[in-house]
Protein chains: 2
Amino acid sequence: MKLVHYPYELILRDVFTLSHSSRTSTPGVQVELSCEGITGYGEASMPPYLGETPATAASFLNRLNLEQFSDPFRMEEILDYVDSVLPGNTAAKASVDIALHDLTGKLQGRAWHQIWGFDRDQAPDTSFTLGIDSPEKMRQKALEAASKYTVLKVKLGSEHDRELILAIRSVTDKPLMVDANQGWTDPEYALDMICWLKEQGVFLIEQPMPRQVIDAQSWLLERSPLPVFADESVQRLSDVARLKGVFSGINIKLMKCTGMREAFRMMQLARSLGMMVMVGCMTETSCAISAASQLSPGADYADLDGNLLIANDLFKGTVVQGGKLILSDLPGIGVEKIL
Amino acid sequence: MKLVHYPYELILRDVFTLSHSSRTSTPGVQVELSCEGITGYGEASMPPYLGETPATAASFLNRLNLEQFSDPFRMEEILDYVDSVLPGNTAAKASVDIALHDLTGKLQGRAWHQIWGFDRDQAPDTSFTLGIDSPEKMRQKALEAASKYTVLKVKLGSEHDRELILAIRSVTDKPLMVDANQGWTDPEYALDMICWLKEQGVFLIEQPMPRQVIDAQSWLLERSPLPVFADESVQRLSDVARLKGVFSGINIKLMKCTGMREAFRMMQLARSLGMMVMVGCMTETSCAISAASQLSPGADYADLDGNLLIANDLFKGTVVQGGKLILSDLPGIGVEKIL
């Protein structure tokens, strides 16, 4: 197998604001993995706060010797090797995993949602995230988004939380998910906020408290009238089992968990432990989004809007129609390259 | 999809003795699931002590309406439906699951060990089981088996346990697994036996105590110098998580867990919880054995000798050479029908 890779900066349609940062583009790396005349596509997306850069990804990918593998179907061996080369580098690892899944799916002539046994008609609606902004801008964004999406998501965690929710609620009554991004450190305050948010038509809370907090988070889960999902508290498969009783569910993101193989296992494990599953994303092209969407028919919720936020998508694959994820019938991860 | 099924009695080469019964044949049912001109093969094997019969299986299979499904790749939906029709009937359910995996694998042109990402060269050796017999007969069986297999398994649980082990040890020093079939009710006695068995070159114990026993089994696990595997204590996916800290590993059998889909999940879950995995079987043709063997490269141990014990195998698939499981390169479950 032959691997090539190149940096590809994702240009955002709008300035994107989180509780700790804002930006106009997201660094990324595109990879192509070829075997038997077929090419699989993969991608690493690297929001700066997660520690990877195009340079670290290139350095990681250059260390890999994938030419030692002639059979792409030995995915366990290949991906165990990729994972073993260096610690961390989860987005770079995910780029190889995604390309390998695209390649093997194409060699089988099937999309991964089929190989995993899912029905693509069961793919959930995706939420659409409203970046933090002034109340006036939030109203405008919410109004626009409410015309296209069935579920909105808002990132909270500042002193203006209630004001922002009320701004959104002044223009739409669409169901809301809230990602607090570890923003609430006092569990009593978090519980008060969750109770208030429920009255405002919020149906799910992500990561209300810092990821190091376990006991207070369990305390919160027991009392919370809304399901509470782990985001920063869960990276990889090894994190999942200890979150039972701490969170209602987990948000699985390919760039954090090293890709589709581990994501599928995390989903299975969470289900086995009675936990719910959301499939999430970073800012990504339709390559990684379509890869993640292959899992979505098995998830309770999807937050796969990363490709909708960029102006220079390289791929056509999973799209959103009337709020719902529509998976293509192409094999592998279901994409075609358009640029 | 069209399902046909017929009873097929498995004739044993030798009388097979467990701690509670002996028999000369095992009832079974063969199934064929067809779609797009391709046929997938499946099988239910029904040792009498598990409660299913060819009549209950036929009755179950006749209740199924699989013609409502035109896309065999919607495996989640199809197998959830099959599981929902009646409780129990795990072997009958497994027959449909195996046939569906054979069918979808053939439609993809790949064997399931490939689809799951395994390397078939990593398939383990299989153990070969010596049925309980007189010491003289045990010596003879052990001598024969030791010439063909690298690992022997013996079923204990009577007052003659030590005598039988010594009879085997008088003719071979091959590594031994012991299945106590819930035969030891006193944990102190079980621990004594395990310590003694370790001195005799036994490397693994299956189900030493009754399946209802949890606390005493945890006590035993803490003290046991050998890994202790669950057999009767584990049936399906929902049993696995509570066995962490109670057993070192689990023996997964398709006929008890409803088939390959659930078996794969049980393997993943056990791994995620830090437990080991054995893939086991009933008396089965090479159909169900080859299906189970698709999982074996991901297992620590295999006990897939059920087809070696019958005189009227219907299939050619996974074979044993020098003790090792050799998976065929045929798609699906890797079998061809030979009768």
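User: Which residue is the bridge partner of Ile250(B) in S12(B)?

Analyst: That's Val277(B). One caution: this is a predicted model, where local features need pLDDT of at least 70, side-chain atom pairs count only at pLDDT 80 or more, and totals for chains, interfaces and linings use all residues. Residues are numbered from 1 along each chain as its sequence is written, while chains are lettered from A and ligands numbered from 1 in the order in which they are written.

User: What makes S11 and S12 of chain B a pair?

Analyst: Two strands (DSSP E runs of at least two residues, numbered from the N terminus; helices are H or I runs of at least four) pair if DSSP finds at least two bridges between them. S11 (residues 249–253) and S12 (residues 276–280) of chain B have five bridges, in the parallel sense, so they count as paired.

User: Why are S6 and S13 of chain B at the edges?

Analyst: The open sheet runs S6-S7-S8-S9-S10-S11-S12-S13 in chain B, with parallel pairing. S6 (127–130) and S13 (301–302) of chain B each have a single partner strand, so one side of each lacks a neighbour in the sheet.

User: Why are H7(A) and H8(A) called roughly parallel?

Analyst: The axes of H7 (residues 187–199) and H8 (residues 215–223) of chain A come within 10 Å and cross at roughly 30°. Axes are lines fitted to C-alpha atoms, for helices over the stretch in contact, with angles from 0 to 180 degrees between N-to-C directions. Angles under 35 degrees count as roughly parallel (over 145 roughly antiparallel, 65 to 115 roughly perpendicular, the rest oblique), so H7(A) is roughly parallel to H8(A).
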